[in-house]
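The sequence and the structure are shown below.

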Amino acid sequence: MNGLKRPLGHVCALIIIFTAALLPLSVTVNVNDGIKQVPDAAVLIKETGIENYSDAQGKAVFKDVKPGVYSITAVLGGFEKKELSLAVSNNTNVSITLIPVVMQARDVTVRAKRNKGSVTSQTTIRKEDLSRTTQSFMNDALKAVQAMPGVSTSGSTFDSRMYIQGGGVYEWLPTIDGTYVINPYRWGGNTSMFNPNTIESIDLYTAGYPASYAQCLSGVLDVKTLNPASEGWHGIFDLSSATMEGVLRGAFSSNVRMVASVRGTFYDWVAPLFVKNGSGIQFPYLWDGMLKLIFDVTPRDTITLLGMGSLEGMKWDLGINAGDNGGPPAGMSGNFFYRTINVIASAGYEHRFSDSNTIKAIAAFTPQITDLRTTGSGVTWLNDLSFTQYVLETGVDWHFGELTGHRFSSGLASYWFNAFGSIAMTNYWINELGQWTNNGTKTTFDKINDWLYGAAYAMDDITVVPGLIMQLGARGEYFLRTKEWIAEPRGGLKIEATSDLDIFLRGGLYAFYPFSMQMLEGNTGNPELKADKAIHGITGVDFANDIFTARVEGFYKHYYDIAESDTVDHFRNNGERNIYGGDIYLQKKSASNDWINGWVSYTYINGRERVTNRSPETPTATYEVADGFWFTPSYVREHTVSAILELTYRSNTVTPYFNWLEGWKISFDFRMLSGKPYTPVTNYIALYVPGFGTNYRFINGEYLSERTPWTQKLDLKITMPYSPFSFLSLFGINLKNSSYISLLNVYNHENIVDYYYYVNKSGDLTRTATKDFGFMVLGGFRTEW
C-alpha cells in the first residue's frame, strides 16, 4: 500500500505543478521617474502583444498572464524608452524607472495620448515640456496650447486668449485639479493663470469629449498641478524679462508632501522711472502663488488640499475735469483703473479599492473680486463697477475597470453660482438735434441663491471584439434658476487597426449656461434664458509609435440656443452657428541623443453665425447686424499653421572642435494665421456741438465682411546650459542651470491685428491699423536643485 502511495503522491504533485503552470497570473508594472510615479506611460508585454497605460499611481496591470519569461517595454514622450526581461512564476510586481530626455522641441514635447481600450483621446502636454517653454514677458502654459491642432488665436504676441475649433473665447472649459475655473485669463487675456512651473500636465480635448466634462461648448483644458517630490526637497528659481518666481516641493514625511510657489512682476517697479509724469501711473502688475498639500492617510487613501491666488491691476491717472452745458466731463480721455483678486481653494479625497477601481470626491470655493473704473477716450461714457462672484463646487467620480472588456465611469456634480455688487454707467451721446444726452444708470446686485446647477453622468467603453471599442454614455443636467433639464448623449467608436493605428468616430450633445450674462443683469435678466447648446461630430485617423505621431481629423459642430443681446429681454436664446473643418498634426518625438525634433500643425475652420427673432430696435438701442444675416464670427480664423523645430548639439567625433557646445539648443517657432473678420466704416456724419467741437457718427458697411491681412512671425530661441549661478559648481554646489535668449519676430514682419477708424484734420475718413510688436529681444535664466 505504501508503495502505491508514493507514486500516487508524485502524480498528485505533478498535477498540482502542471495546473499551477496553466493558471493565469497578474503582473503589475510600477512606472516612476526616480522621484514620483509616472502616469500614462505605454507599457507593452512583447510576447503577448498586450499594451496598457500606467494609471494615476503609475501602475499598469496585466491580468491572465501565463508563467514564462517576457520582455517588458515602457515608453512615454519626454523619456527614454526602457526595456527589461521578467520571469513570471507567480503574481509579480516590478518597477521601471524612466529617464527624462534632456531636450525637447522649443522645450515643449507634445504627445498624442492614445487610450488603449477607450474611444476618448486627447493631446497631452507634460510638466517636463512646459517647465522651460519660451515665453514673452511672463511664463504662460497657454502659449504652448495655442500651437496645438484645433486651436486658433488673435495672432498677437501678448494675447493668451484661444479659440477651440470655432468656439468663442469663453466657450471652452478650464479646470485645474478637477476644479472649475471662473476665468483663466489675467490682464484682460494678455496672459493666463497657468504657470508652467506649477503644472504637471495638460490634457486638451476638442470635439467629442467625454461625459465627465460639462459647462462648455467647444473644448476642455484639463490641467493637473505639479506633484510634490516623494522624498527630499527640490526647487526652481526662474527669472524672465518681466517676472521672477520660485517653486519649492518636497516631503515633510513619508506621507505628507508639499508644493509651494510664488510669482510676481518686477518691471512695474522700474518702468515709471522712464516715463514722463510716471508718478500717476501704475503699470499692469500681477502676483500669484500656489500651495498644495498631499496627505497619504493610508496606502489606499489620499487627501489633497489646494490653494491658489492672484492679485492683478493697473491705473492710468490722467485727471478728470468737470464739464458744463450738460455735456460729459471735459478732458477725461484715457482714465482707467482696475484691481482683481482671484482665489481657488479645494479639498479632494481619493480612495483606491484596487488599481482599476477608484473613487474621488472634491469640494471647492472659487471667488473673484473686481473693482473697475473706466472713462471713454471719446468723452462719451464713464463706468464704475464693483463686483464679486463665486462658485461653490462639489463632485464625486467613480472609475471602475475590473470587468473584462469594460472601462466604466460615473459621477455627480453640483455648482452654486452667486454674485453681488454694483455697476454705475453714465453714457453721453449727441442726438439728431446736436444736443448732448446724458443717460445715467446704476444696477445693484444682491445675492441670488438659486443659481444652482446639478449633474450626473455615466459612460462605458465596451470592447465589442478585440480591436473594436464602442463608447456609450450620457450626462443629465439641471438648472434650478430656469428649471431646465437637459439630457446629453455622448459616445463613439474606435477601431484599433494595429498597435499603432486607430480610426475613430465620436460625438455628442453639449450645453453651457451663460451665468455671467445673467449675473450682469442681476434680477432684471431674462428669466426664460436657457443653456447654449452644441452638437459635435468628429472622425479621424491617429498613428503613434515610439518615434512619430500623426493625426488627421475632420469635425462638424452645430451651435443653437446661443444667448444673444436683446433690446427688451437683455438676452435671448436666438443665436445659431455652424462650424466645420479639419486639422493635420505631424510630430517627431524626442529621444535620447536626438539632434532634431519638432512638429507641424495645420487647422482649417469654416464658420457662420446668425441671430433671429430679436426685439425691435430703439433710438438708443440698436443692433450691429441685421436679423437673420449669416456672418463669420470675428474670432474664426480660416487657416492656422504652426511649425516647431529644435536643433540640439551633441558631442561627436566628426566635429570635435564644436563639442564645447554640448547641450546648446536653437529653436525655431513659426506661426501663421489668416485674417480676422472686421466691419468696415464707409462714411460718417459730423455733428457740431457748441463748446465741445465736432462729434462724428460712423456709418458701417456690411457686418464683419472684410479681413485683415494674414499674420506670420518667426521666433528663435537659443538656450545655453549655464546661468549666473553656474560658478557655484567651483565650490561643489551642483545645480541644473540654463539661460536663454529669445528673438521674437526675427524678420520684423508687420502684423496687423485689427483696424480702427477716425476723421483726420482734413475731414477725411481714415483707417488705421493696430499692429503687433515688431522685432524684440528677450532673455532669462533658470536654476533647479
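A salt bridge is here a side-chain nitrogen of Lys or Arg within 4 Å of a carboxyl oxygen of Asp or Glu. The model under discussion is a predicted one, and by this rule the count comes to 28 salt bridges.

**Charged pairs**

Side chains of opposite charge can pair when their charged atoms come close.

| Pair | Distance, N to O |
|---|---|
| Asp238 and Arg782 | 3.5 Å |
| Lys533 and Glu484 | 3.1 Å |
| Asp566 and Arg572 | 3.7 Å |

In the salt bridge between Asp238 and Arg782, Asp238 belongs to strand β18 (residues 233–239) and Arg782 to strand β46 (residues 776–784), so that the pair ties together parts that are 544 residues apart in sequence. Asp238 and Arg782 are both buried.

The salt bridge between Lys533 and Glu484 likewise involves two strands, since Lys533 lies in β32 (residues 532–544) and Glu484 in β30 (residues 484–496), and the pair therefore ties together parts that are 49 residues apart in sequence. Are these two side chains buried or exposed? With buried taken as under 20% relative accessible area, Lys533 counts as buried at 9% relative accessibility, and Glu484 counts as buried at 9% as well.

As for the salt bridge that Asp566 forms with Arg572, Asp566 counts as buried, with a relative accessibility of 8%.

Strands of a sheet pair through backbone hydrogen bonds, either parallel or antiparallel.

**A nonpolar surface patch**

Which residues make the nonpolar surface patch of about 960 Å²? The patch is made by Val262, Trp269, Val270, Leu273, Phe274, Trp287, Leu311, Ile341, Val343 and Ile369. The elements that give two or more residues to this patch are α4 (267–270) and β23 (336–354). Leu311, one of the patch residues, lies in strand β22 (residues 301–316) and is partly exposed, with a relative accessible area of 32%.

**Two positive phi angles**

Two loop residues deserve a look at the backbone. Leu704, although it is not a glycine, has a positive phi of about 50°; Leu704 is found in the loop between β40 (693–700) and β41 (706–707), and at 10% relative accessibility Leu704 counts as buried. Asn745, also a residue other than glycine, has a positive phi near 55°. The place of Asn745 is the loop between β43 (736–744) and β44 (752–759), where Asn745 counts as buried at 1% relative accessibility.

Notes: Residues numbered from 1 in each chain as written. Predicted model: local features only at pLDDT ≥ 70, side-chain atom pairs only at ≥ 80, totals over all residues. Heavy atoms only, no water. Helix = DSSP H or I, 4+ residues; strand = E, 2+ residues; numbered from the N terminus. Buried < 20%, exposed > 50% of the residue type's maximum accessible area, 1.4 Å probe, protein only. Patch = residues over 30% accessible without salt bridge, like charges linked within 9 Å, V, L, I, M, F, W, Y side chains within 5 Å. Areas by Shrake-Rupley, 256 points an atom, 1.4 Å probe, with all protein chains shown as cover.
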